[in-house]
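Hi,

Here is the structure I promised to pass on to you. Have a look at it first, and my notes follow below.

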Amino acid sequence: MARIEDYALIGDLQTAALVSRSGSVDWCCFPRFDSGACFAALLGGPQHGRWLLSPVSSIRRSNRRYRHDTLILESIFETDEGTVRAIDFMPPRGKTPAIVRIVEGLDGNVPMRSELVVRFDYGNIVPWVRRVDDALSAIAGPDALCLRTPVAVHGEDMKSVSEFTLAMGERIPFVLTWFPSHLDVPQAIDAEEALNGSESFWLDWAGSCSHHGDYHDEIHQSLLILKALTYGPTGGIVAAPTTSLPEHLGGVRNWDYRFCWLRDATLTLLAMLNTGYRDEAEMWRQWLLRAVAGDPADVQIVYGIGGERRLDERELDWLPGYAQSRPVRVGNAASEQLQLDVYGEVLDALYQTRLHGAPADDNIWSLARKLLGWLEDGWRKKDAGIWEVRGPARHFTHSKVMAWVAFDRAIRAHEEFGREGPVDRWRTLRAEIHADVLASAWSTSKQAFAQFYGSDELDASILLMPIVGFLPATDERFVSSVEAIRRELTVDGLVLRYRPRDDVDGLPEGEGVFLPCSFWLADALALQGKTEDARELFERLLDLRNDVGLLSEEYDPAAGRQLGNFPQAFTHLALVNTALILGKGRGMRQPPVESRNS
């Protein structure tokens, strides 16, 4: 089985696919990120769907890269018979989604094999395969795929197989297109035209980036990933294109991330704003307005890419899971949780869009006022916290900090943009929440802010306090908290979210270090003036990226492997923020110089 970091991402701004080093597409959902997978070998085996296109004989050496500033993947395979280049991409969505694969002979005469195994509904349904004019069609229920290629295709053990020899200078295309099964087979896509058009699209997008300075290439590579995780029709941004990649190999912490977390989407918005991508920011702002419309008490932490609220969670018992990590889940029950931090994230995002020049919008301010009205009493509630624990609700420290952020940003919107509201009441609440956190979240025994009120457990989310402006990074209480986290929550210098316990998160122990938390530690060190330590940690984290610059959610330092859903927006967002702090001396949120509590 391929390691998680052995995969590369291709996408069309509505869905995505993962391609292994060996040339196998092992994960793809059509027509949307959250649709059923037609290739699910990632969570099982080849029998659950994949598309392998590679040399027949052993590969002596291989390497791969994205074409500069694009998501066009190029892989070089060297064999005893010669060398080939494989080009894999998904054209930015027109009428129909497609995966385009072109193989090119660089030298010699290389025997090649394409092995297409279509299994709809996450590897569960074998389609009806037949020839329709110049295409091979696979149909089951509402889904259909058609394959076009100039080489012969034959059936073999419930697979569609092509065997051919690739000569030097020869280029052979394969185009797989999804379409609704009740419609006719779509028109053919010219692979070479699609390649040129896709490259132009990505280069034009890259040319809009306004960032210059330190770590530009690293920042832009992460921005490309974030753009690829954006659902073009609505502007919603998925946390990852996969489900159920485990946080611990063989464990049960396997979740579906193909949805839009307000937290992730808000941070993505900030990344785009800080690098000049205003259109993406405005699209997300409009998505947010539609998604959370209604009763503020019903605001969810996560929505579907179209703003859907029902994300019912179920288990797929026919899939053995990645590395036997069961269960495989689709849907996400966290959509039913209360997480107070999202109110702060949303208010901060709305404030930041204005700060970066977005026009005033009375509808959006009306939404903000309604959210604040609920939060005036709601901030006192217990919740599930930033980590979506499935144990008892508690007064999580980070949740209270982000409630403070909500009122702080509302006050700043009044002071800086003239927005009207009960500002005196907001100031009183801001001060009350601040005092409450300082009094109730402090652990005397740890000399640190704790995970939740009355606890001595530590939590890496405390590292965000100066990033959001709650306390200066040099405040002695925060400095002491950072020291405690480095002492008790690190493994080989990398940061755990917290020490898992059944009575806190309701799940068995076992997960890797959480990569965003290590970036947060680098942020804290940089803001404390420990720039060399921050850069050393940051560059170590950069070294954990795979060969095409991708990071998952977690990492196992002992095994040297990435863990969790992949690639992960939250991690790439944290990377961008740290790079901006190290390069510009400030993060994406542009926090106030010192906290505002009065």
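Before the notes, one definition: two strands are taken to pair if DSSP finds at least two bridges between them. Please also keep in mind that this is a predicted model.

With that in hand, let me begin towards the end of the chain. Strand E24 and strand E25, the latter covering residues 554-556, run antiparallel and are joined by two bridges. One of the residues involved is Val513, whose bridge partner in E25 is Tyr555. These strands belong to an open sheet of three, ordered E24-E25-E26, with antiparallel pairing. E24 (513-514) and E26 (561-563) are the edge strands; each has a single partner, so one side of each is left without a neighbour in the sheet.

E11 spans residues 135-140, and six of its six residues are buried, so the strand is largely enclosed by the rest of the structure. In a regular strand the side chains alternate between the two faces of the sheet. Here, Ala135, Ser137 and Ile139 point one way, while Leu136, Ala138 and Ala140 point the other way, and all are buried.

Which strands does E11 pair with? On one side of the sequence there is E10 (residues 128-132), which runs antiparallel to E11 and is joined to it by five bridges. Val132 has Ala135 of E11 as its bridge partner. Two residues lie between the strands of this hairpin, and Asp133 takes a positive phi near 55° there. E11 also pairs with E12 (residues 143-148), in the antiparallel sense and over five bridges. In this pairing, Leu136 stands opposite Leu147 of E12. The hairpin of E11 and E12 likewise has two residues between its strands, and Gly141 has a positive phi near 60°.

Now for the chain as a whole. DSSP gives 14 helices and 26 strands. For 598 residues, a compact globule would have a radius of gyration near 25 Å, and the chain's 24 Å agrees with that. Along the principal axes, the C-alpha atoms fill a box of roughly 75 × 50 × 45 Å. Of the 598 residues, 63% count as buried. Among contacts with a separation of 6 or more, 67% come from residues 24 or more positions apart.

As for the surface, the chain exposes about 21,000 Å², with carbon and sulfur atoms supplying 47% of it. There are 63 positive and 85 negative side chains, and the centres of the two sets lie 2 Å apart.

Best wishes

Conventions: Residues numbered from 1 in each chain as written. Predicted model: local features only at pLDDT ≥ 70, side-chain atom pairs only at ≥ 80, totals over all residues. Heavy atoms only, no water. Helix = DSSP H or I, 4+ residues; strand = E, 2+ residues; numbered from the N terminus. Rg over C-alpha atoms; globule rule 2.2 N^0.38 Å. Buried < 20%, exposed > 50% of the residue type's maximum accessible area, 1.4 Å probe, protein only. Contact = heavy atoms within 4.5 Å. Areas by Shrake-Rupley, 256 points an atom, 1.4 Å probe, with all protein chains shown as cover. Lys, Arg positive; Asp, Glu negative; His and termini not counted. Charge placed at Lys NZ, Arg CZ, Asp CG, Glu CD.
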